[in-house]
Amino acid sequence: LPLLLKATLLRLASGSYHPFYNGFYYNHVMNDDDNGQDKVDYLNGARLVVETSKDPVYSYNGANVTLPCHYRYEPEQGPKRKIRIKWSKLRDDYTKEQDVLVAIGKTYMAFGDFKGRAHIRQASRHEASLVISDVRLKDDGKYRCEVIDGLEDESDVVDLQLQGIVFPYQPPRGQYRLNFHEAERVCQDQGAILANFNQLFQAWSEGLDWCNAGWLADGTVQYPIRLPRKPCGGVHLAPGIRSYGPRHRHLHRFDAFCFSSALKGEVFYLDRPAGMTLEEAKQSCQDAGAEIARVGQLYSAWKFAGLDRCNAGWLADGSVRYPIVTPRANCGPAEPGVRSFGFPNKGRFGVFCYRER
């Protein structure tokens with residue numbers, strides 16, 4: 001007989017065989033029984049199930065948001081040990097996770113940028129929802145809720161999407177002047193971050209058509225085309241996102257696609273009969289208890305607050321722009337958008353200011 005079968009028969013014949021238990025074993029140290037005695041617990045075949053929202057959870061910059069997560073046992077069990085809850089933020093390609101928070105019972109620890117902003121909500125039995133306060137632009141993405149009960153470990157993923165807008169950005173020096181790291185900085189300077197592919201794709205689906213290539217957050221260079229044309233990949237290519245793929249983050253230079261979210265505050269317009277220089281414009285905003293608006297704030301006010309103004313105004317980067325919701329005569333092209341006069345070296349205009357509510 002094969003060696004394994006012989007060993008099994010000898011074990012049965014010796015009378016030392018113990019019935020096989022098809023369950024899970026739990027150590028009292030992991031389960032925090034606090035009774036000071038070694039003990040093995042059994043799950044009695046119950047299955048741990050973790051569930052999050054199947055639909056995206058929407059929020060905006062500066063808001064508070066709850067990512068729902070609940071767990072249960074099938075069949076249902078009585079009171080159990082303190083389980084461990086872990087929340088992680090996933091990369092788009094799922095290759096790496098960023099630790100967000102770990103909790104055991106009422107004790108928890110948040111990590112990195114989530115320190116002081118994240119905690120577990122346990123308003124009901126078997127709830128493990130994550131609460132994030134003062135949501136930031138880079139919080140957008142997928143989150144994994146993981147529940148660990150002894151040797152059993154189950155998880156599910158929920159998608160947090162910030163309501164926002166993607167806009168192309170060129171610096172005063174002109175087209176294709178930014179390496180990846182400079183693109184990150186100019187977006188931050190405009191109250192935004194580099195957009196990711198999903199955000200650019202959403203913007204394209206809503207009508208964004210831009211023939212200049214720009215950096216995205218993953219280090220790729222892409223651009224959205226709604227109307228195929230010769231200078232933009234050719235007339236025979238279908239509409240879509242054109243991609244140059246990953247580029248060298250220091251050597252290659254392009255524009256940037258920035259992402260800005262809805263605002264907590266308001267953007268408003270100020271003017272004088274003779275207009276203002278850039279420095280006078282900044283001072284006028286300060287006198288009104290505000291600051292000169294950034295490009296991302298103007299785009300957000302146009303998209304989410306319906307800001308419509310046919311008067312050009314200074315912005316913090318030295319550009320002059322104006323937002324149009326309802327196209328009309330003498331206000332630029334026949335479609336809505338944020339119009340730009342570029343970066344004038346001189347001239348007198350109004351100003352767009354931003355004030356927190």
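Me: Why is Asp139 called buried?
Reply: This is a predicted model. Asp139 has 2% relative accessibility in it. Buried means under 20%. The value is under that cut-off, so Asp139 counts as buried.

Me: What makes Arg117 and Asp139 a salt bridge?
Reply: Their closest N and O atoms are 2.9 Å apart. The rule asks for a side-chain nitrogen of Lys or Arg within 4 Å of a carboxyl oxygen of Asp or Glu. The pair meets the rule, so it is a salt bridge.

Me: How do you know that this pair links distant parts of the chain?
Reply: Arg117 sits in the loop between β9 and β10. Asp139 lies in the loop between β11 and β12. The two are 22 residues apart.

Me: Is Arg117 buried or exposed?
Reply: Arg117 is at 5% relative accessibility. The cut-off for buried is under 20%, so Arg117 counts as buried.

Me: What makes Lys303 and Glu206 a salt bridge?
Reply: The closest N and O atoms are 3.4 Å apart. The limit is 4 Å, so the pair counts. Lys303 belongs to helix α6, residues 295-304. Glu206 is in the loop between α4 and β16. They are 97 residues apart.

Me: Why is Lys303 called partly exposed?
Reply: Lys303 has 35% relative accessibility. Buried is under 20% and exposed is over 50%. The value falls in between, so Lys303 is partly exposed.

Me: What about Arg72 and Glu74: how do you know that they form a salt bridge?
Reply: Their side chains meet at 2.8 Å, N to O. Arg72 has a relative accessible area of 29%, and Glu74 is at 31%. Both values lie between 20% and 50%, so each residue is partly exposed.

Me: How many salt bridges does the rule give?
Reply: The count comes to 17.

Me: Why are β4 and β9 said to stand at the edges of their sheet?
Reply: The open sheet has six strands, in the order β4-β13-β12-β7-β8-β9, with mixed pairing. β4 and β9 each have a single partner strand, so one side of each lacks a neighbour in the sheet. Neighbouring strands are turned by 25° against each other on average, direction ignored.

Me: How do you know that β8 and β9 pair?
Reply: Four bridges join them, and they run antiparallel. Pairing needs at least two bridges, so β8 and β9 qualify. Ile104 stands opposite Thr107 in β9.

Conventions: Residues numbered from 1 in each chain as written. Predicted model: local features only at pLDDT ≥ 70, side-chain atom pairs only at ≥ 80, totals over all residues. Heavy atoms only, no water. Axes fitted to C-alpha atoms, helices over the stretch in contact; angles between N-to-C directions. Buried < 20%, exposed > 50% of the residue type's maximum accessible area, 1.4 Å probe, protein only.
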